[in-house]
Amino acid sequence: AIWKGWIDMLRLPGKTPLPAAAAGRLEKADCCRLLQVPGAAAGERHAFLCPSLTSLNGVTLALSLPQERTDLGRGLVRGLWFDQPLTLWLCGAGTTLRARAWAYRCHIAGPVFTRLLARAREADPVGDIACAWELLAEEWRETGELPPAPEPLPDGPPELHLDHPLLHTDR
């Protein structure tokens, strides 16, 4: 893989809203969100369920990872640094949407990170995220293809944000 360079890495996204079908699917609780990322070897792909995948602004997609040092995290980094596309699958209600996606930004602080951290803590008061990613998706289409079988994410030691309640037991 060839590093794409700083200029391409920092390109701004087009302000194209998500298609109505994709935005509507993301709002449904029964939506299965699956992301396929590049692996270390040429042509290698890994698929993971990504229940946190959402859109915060109707244009980009946002995804939080509870652990960054996983095959999913490494695949997102490969996508960002080496301009390798991801494949996004949104399944539910008897239909599947598929899109080509691009890793756009990784956040460890800031508004996107804060909003996704708040969502994680709404679901679980001691929930945490290691990082937040923004993705750009294009070429949306409805498909009859079955998505790839997802791989389990490893259950390693938690990566706790500095304000995590477990780090502040003196309160």
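## Two helices and a surface patch

V126, L160, L166 and L167 make a nonpolar surface patch of about 340 Å². Such patches join nonpolar side chains (Val, Leu, Ile, Met, Phe, Trp, Tyr) within 5 Å, from residues with over 30% relative accessible area and no salt bridge. V126 lies in the loop between α4 and β6, and at 40% relative accessibility V126 counts as partly exposed. Here buried means under 20% relative accessible area, exposed over 50%, and partly exposed in between (1.4 Å probe, protein chains only).

This is a predicted model, in which local features need pLDDT of at least 70, side-chain atom pairs count only at pLDDT 80 or more, and totals for chains, interfaces and linings use all residues. Residues are numbered from 1 along each chain as its sequence is written, and side-chain values use heavy atoms, without hydrogens and water.

The table gives the helix spans; the expected span is 1.5 Å times one less than the number of residues.

| Helix | Residues | Expected span | C-alpha span, end to end |
|---|---|---|---|
| α3 | 71–82 (12 residues) | 16 Å | 16 Å |

In α4, the buried residues are V112, F113, L116, L117, A120 and R121. They cover an arc of only 165° around the axis (taken from the directions to the C-beta atoms), which puts them on the same side of α4. These buried residues pack against β3 (61–65), β5 (95–107) and β6 (131–143), with contact meaning heavy atoms within 4.5 Å. P111 and E122 are exposed, on the face of α4 turned away from its buried side.

In α3, the buried residues include L72, L76 and L80. D83 follows α3 and has a positive phi, near 55°.

Technical notes: Helix = DSSP H or I, 4+ residues; strand = E, 2+ residues; numbered from the N terminus. Patch = residues over 30% accessible without salt bridge, like charges linked within 9 Å, V, L, I, M, F, W, Y side chains within 5 Å. Areas by Shrake-Rupley, 256 points an atom, 1.4 Å probe, with all protein chains shown as cover. Salt bridge = Lys/Arg side-chain N within 4 Å of Asp/Glu carboxyl O.
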